[in-house]
Amino acid sequence: MIHHELVHAVLNDMFYGGSIQSIISNNITLQLPIWFNEGLAEYESLKWDTDTDMFIRDATVNQYLPPMQQLYGYFAYRGGQSLWHYIADKYGEQKIGEILNRIKSTRSVEAGFRGSIGLTMEELSDRWMKELKVEYWPDIAKREDPVDYARRLTEHKKDGGFYNTSPAISPQGDKIAFISNRNDYFDVFVMNAVDGTQVEKIVDGQQTPNFEELHLLTPGISWSPDGKRLAIAAKAGEEDAVLLVNVKSGDIEKLTFGLEGIFSVTWSPSGEYLAFIGDVAKQSDVYVYNLATKALTNLTEDIYTDEQPSWSPDSKTLFFASDRAGAAVNDGSRVYGHHFPDLNIYRIDVDGKNLRQLTSWTDCDQTSPVASPDGKKLLFISDKNGINNIYELKLDSLTTRPITNSISGVYQLSISHDGTKLAFSSLNQSGFDIFLMRSPFERLLRVTSLEPTPFRKAHATPAPALAETTAVAQAPPAAAAPDTSSLYGKDIQLDFSNYVFTDGRDEPLPKDSLMSRLPKIAGNVDEDGRYRVNKYKLNFTPDIVYGNAGYDTFYGVSGSTIMAFSDLLGDHQIVFSTNLLLDLKNSDYSLQYFYLPNRMDFGFGGFHSARFVVINDDHGGSLYRFQTYGANLTAQYPFDRFNRVDFGLSWFNISKENMDYTSDPVQTRTVVVPNLSYTHDTSLWGLLAPIAGSRYKVNLFGTPKLGADGLSFFNVDFDYRDYLRLGRNYTIVLRLAGGGSFGQNPQKFIIGGVENWINYTFEGGYIPLQNAEDFIFLQAGLPLRGYNYVAAIGSRYSLFNFEFRYPMFALVQAGPLPLGLQSLGGVMFFDAGSAWNKEKEYRAFTKDDQGATVTQDLLMGMGTGVRIYFLGFLLRFDVAWAWYYNGFSPPKYYFSLGLDF
């Protein structure tokens with residue numbers, strides 16, 4: 001990850017000078033495609049790896065890999081990495097540097113590629129995709145598809161979502177628990193293990209405090225021996241926890257251990273223990289928890305990474321994967337002195353004794369061990385041949401054999417108590433599905449070893465024989481190659497500066513390199529050889545500097561420049577924003593400081609703002625300046641990921657000044673406003689707006705009267721939204737909002753129109769900015785379409801919105817759409833709202849001159865609209881009709897900017 005982000009930093013500095021100022025001053029208009037940027041960062045940090053190789057193989061074999069010009073989203077990373085790997089393999093890695101330099105000099109990506117390799121980007125894309133077919137299509141004849149050796153129980157293309165993983169088969173073999181995002185969130189489901197039917201959701205993931213996050217990449221689900229409860233590892237509030245969930249009743253028992261991370265929980269066959277991987281800041285270890293005595297034991301308290309524990313049938317031994325390379329528990333090794341090349345399979349007794357290494361393959365990972373019913377064999381996963389396959393290991397002789405020769409990678413094994421059913425997940429046609437294999441220990445392949453993939457052939461060293469003892473035998477060092485430089489004569493100098501010699505391994509720095517000439521750090525090691533711990537020094541560096549633009553119905557076009565600075569740990573942040581115009585009195589600027597190391601965040605700052613608007617007055621219309629300055633204190637306390645409370649205390653000095661008739665008195669207000677709000681949010685965003693979940697907010701604020709020009713009022717308002725997903729791209733949205741202002745000087749709410757309405761019309765031409773305080777406290781209940789802006793005004797309001805959101809191009813199936821058309825969404829809506837001053841005077845309906853029932857204070861409208869991103873802005877176009885109960889108004893058209901609610 002660090003290497004990946006450093007590549008971005010280098011590219012940013014190389015092409016853009018590392019700052020917005022450099023882009024503007026040098027008139028840099030070059031835009032690097034996302035596949036170029038992310039793909040190169042992935043390639044330079046990973047080169048090529050088996051996970052990407054398996055992903056690209058699946059995309060190529062199943063023909064869903066898009067061409068280079070359409071590598072968006074996840075394909076920008078994996079597809080871009082593949083493209084750069086192809087360039088390096090075809091033309092040499094030095095060609096990458098040449099491409100970058102040509103792009104920089106020509107300021108054109110197309111010209112850079114054409115000048116470096118003599119191909120247009122379209123031609124390069126065609127050759128890259130053809131090369132992938134040549135490499136991967138022969139695997140169709142050589143290897144097995146998962147459906148050839150197992151039964152597919154989930155079908156992500158039909159079920160929705162793309163992620164069905166972490167299978168856990170019940171001890172009785174009749175049910176499988178798994179994680180799926182078929183309902184947008186990652187939830188826990190249980191299905192029939194025979195045919196995948198009778199799917200029932202057991203846990204709502206990512207929506208409740210106990211299940212803020214399920215650990216997707218590490219199997220975190222296990223059944224109790226009686227099949228009545230599930231043990232689930234999840235992020236639950238401040239720390240990770242093990243949740244014991246009753247499958248029938250839904251009752252939950254929460255176990256916490258003060259660990260920062262808990263993964264891969266597994267219930268012992270005896271029912272006595274839970275084993276899991278526990279993380280603290282410095283390491284991950286295998287832990288065992290005794291359910292009866294409540295005792296927690298760390299079996300492997302050392303620096304090595306341990307993963308995926310599983311039990312022996314007698315509950316006396318644990319098998320797990322580790323990168324300890326044969327090292328014993330607590331051997332005193334230091335992280336910076338140990339090489340972590342591969343994961344291998346180990347065993348350890350439940351009392352922490354008899355650690356033994358069971359596999360010793362190099363240049364590959366061995367993971368996910370599960371034991372046979374008699375305890376004499378293991379099944380595990382290895383990418384020894386370049387693809388994750390299932391292998392069998394005999395524990396007495398430590399001999400192995402493959403039992404699958406899969407074309408798609410296999411992940412996360414789970415076996416029934418009698419060993420006749422094996423569940424696993426596999427990448428299959430751009431998504432992960434759950435598969436079930438019958439009698440896995442009886443399966444025989446026609447081959448005794450699997451043919452390596454081209455990537456593995458090119459990069460892997462020969463694997464040594466399996467070790468038969470705890471310590472792994474080390475091969476003697478190879479003899480040094482003879483020095484042949486004298487063959488060319490003593491005075492001959494060979495220049496290899498234009499050649500690339502790399503095998504993916506680190507090499508010693510040349511003596512004349514820049515890095516070797518840098519000053520060596522002295523005094524950073526103590527007498528025991530350990531690195532000294534130095535006191536952290538606070539130093540602010542820029543996080544981001546950017547400009548934004550927007551539009552406001554009252555005040556027109558606006559923009560600002562925002563600069564954010566923070567320290568290395570992110571504990572302190574300074575944010576400065578401004579839009580300097582003419583002088584300080586007519587400009588916006590603010591400076592805020594945030595203190596962020598603890599659970600509760602604090603902040604304080606000062607601000608100034610000025611806005612100009614023409615308002616009808618006694619002079620027939622004048623330009624007014626609304627100005628405010630002051631300071632604020634803020635605090636935010638999250639109860640969990642979905643619920644928080646916000647506190648604030650603000651001091652405002654507000655003024656309203658006539659710029660055309662300066663003799664008019666300036667109206668001023670000074671107020672101190674405490675506020676308190678509670679927010680709940682489980683909404684899930686799509687491209688244009690939230691698509692699932694719900695959110696609500698209750699807000700309280702007010703001010704006591706201070707001085708002769710002070711105010712006295714108290715406001716309460718709320719906003720509730722519910723997003724109901726219908727299928728993959730359709731959403732029904734329900735919203736209810738309202739509020740009231742009370743006290744000596746109640747403030748106003750307005751309804752009618754939409755936010756950021758460009759072709760706006762005010763009801764009666766009336767802009768409701770009468771007093772200085774309206775600049776701060778006037779609130780709008782929007783949208784209410786079918787009406788003008790300020791269709792109604794009062795000290796109370798209520799608003800109801802119903803929307804049906806759908807994709808405009810849902811029926812287009814001719815390949816990926818351009819980004820602009822992807823964002824083209826449609827909406828049908830019904831709005832209703834009211835604003836009033838006194839409840840006893842409120843009348844929703846009345847009678848017209850003909851005695852027919854019509855609306856009075858209740859305003860209703862309906863219509864349809866479209867949404868699309870254009871030049872970085874979300875444009876909204878709506879047409880709506882006001883509904884008077886006995887008829888409709890002429891259509892009203894709305895062009896506006898911004899996201900939907």
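The legends below describe close-up views of a predicted model of one protein chain.

**View 1. The protein chain as a whole is built from 15 helices and 47 strands.** Of the 901 residues in the protein chain, 46% count as buried.

**View 2. Helix H5 covers residues 74-91 and packs against several other helices through its buried residues.** The 18 residues of H5 reach 26 Å from the first C-alpha to the last, which is close to the 26 Å expected at 1.5 Å a residue. Residues of H5 that are buried include Phe75, Arg78, Gly79, Gln81, Ser82, Trp84, Tyr86 and Ile87. The buried residues of H5 pack against helix H3 (34-46), helix H4 (50-61), helix H6 (94-106), helix H7 (109-117) and helix H8 (121-136). Just after H5, Gly92 takes a positive phi of about 95°.

**View 3. Helices H4 and H5 cross at roughly 100°, and their axes come within 10 Å.** This angle makes H4 roughly perpendicular to H5, because angles from 65 to 115 degrees count as roughly perpendicular. On the H4 side the contact involves Thr52, Phe55, Ile56 and Ala59, which meet Tyr74, Phe75, Arg78, Gly79, Gln81 and Ser82 of H5. By residue type, the contact of H4 with H5 divides into five nonpolar, four polar and one charged. Of the H5 residues in this contact, Phe75, Arg78, Gly79, Gln81 and Ser82 are buried.

**View 4. Helices H4 and H8 pack with their axes 10 Å apart, at an angle of about 100°.** H4 is therefore roughly perpendicular to H8. The contact is made by Asp53, Ile56, Arg57, Thr60 and Val61 of H4, together with Leu132, Lys133, Glu135 and Tyr136 of H8. These residues divide into four nonpolar, one polar and four charged. Ile56 of H4 takes part in this contact with H8, and Ile56 also belongs to the set of H4 residues that meet H5.

**View 5. Strand S4 (residues 185-192) pairs with strand S3 (residues 175-183) and with strand S5 (residues 200-203).** Eight of the eight residues of S4 are buried, so this strand is largely enclosed by the rest of the structure. S3 and S4 pair in the antiparallel sense over seven bridges, and Ile179 stands opposite Val188 in S4. One residue lies between the strands in the hairpin of S3 and S4, where Asp184 takes a positive phi near 80°. S4 and S5 also run antiparallel and are joined by three bridges. Val188 has Val203 as its bridge partner in S5, while Ile179 is the residue opposite Val188 in the pairing of S3 with S4.

**View 6. Strands S11, S12, S13 and S14 form an open sheet in the order S11-S12-S13-S14, with antiparallel pairing.** Strand S11 (261-267) and strand S14 (296-298) stand at the edges with a single partner strand each, so one side of each is left without a neighbour in the sheet. Neighbouring strands of this sheet are turned by 25° against each other on average, direction ignored. Within the sheet, strand S12 (residues 273-279) and strand S13 (residues 284-290) run antiparallel and are joined by seven bridges. Leu274 has Tyr289 as its bridge partner in S13.

**View 7. A further open sheet of four strands has the order S15-S16-S17-S18, with antiparallel pairing.** The edges are taken by strand S15 (306-311) and strand S18 (356-357), each of which has a single partner strand, so one side of each is left without a neighbour in the sheet. Strand S16 (residues 317-322) pairs in the antiparallel sense with strand S17 (residues 344-349) over six bridges, and the bridge partner of Thr317 in S17 is Asp349.

**View 8. Gln744 lies in the loop between strand S37 (730-742) and strand S38 (749-751).** Gln744 has a relative accessible area of 57% and is exposed, because the term applies to values over 50%. Leaving aside its neighbours within four places in sequence, Gln744 is in contact with Lys705 and Ser712. Gln744 and Leu711 are 33 residues apart in sequence, and their C-alpha atoms are 7.6 Å apart in space.

Terms used: Residues numbered from 1 in each chain as written. Predicted model: local features only at pLDDT ≥ 70, side-chain atom pairs only at ≥ 80, totals over all residues. Heavy atoms only, no water. Helix = DSSP H or I, 4+ residues; strand = E, 2+ residues; numbered from the N terminus. Expected span 1.5 Å × (residues − 1). Buried < 20%, exposed > 50% of the residue type's maximum accessible area, 1.4 Å probe, protein only. Contact = heavy atoms within 4.5 Å. Pairing = 2+ DSSP bridges. Axes fitted to C-alpha atoms, helices over the stretch in contact; angles between N-to-C directions. Parallel < 35°, antiparallel > 145°, perpendicular 65-115°, else oblique. Nonpolar A, V, L, I, M, F, W, Y, C, P; charged D, E, K, R; others polar.
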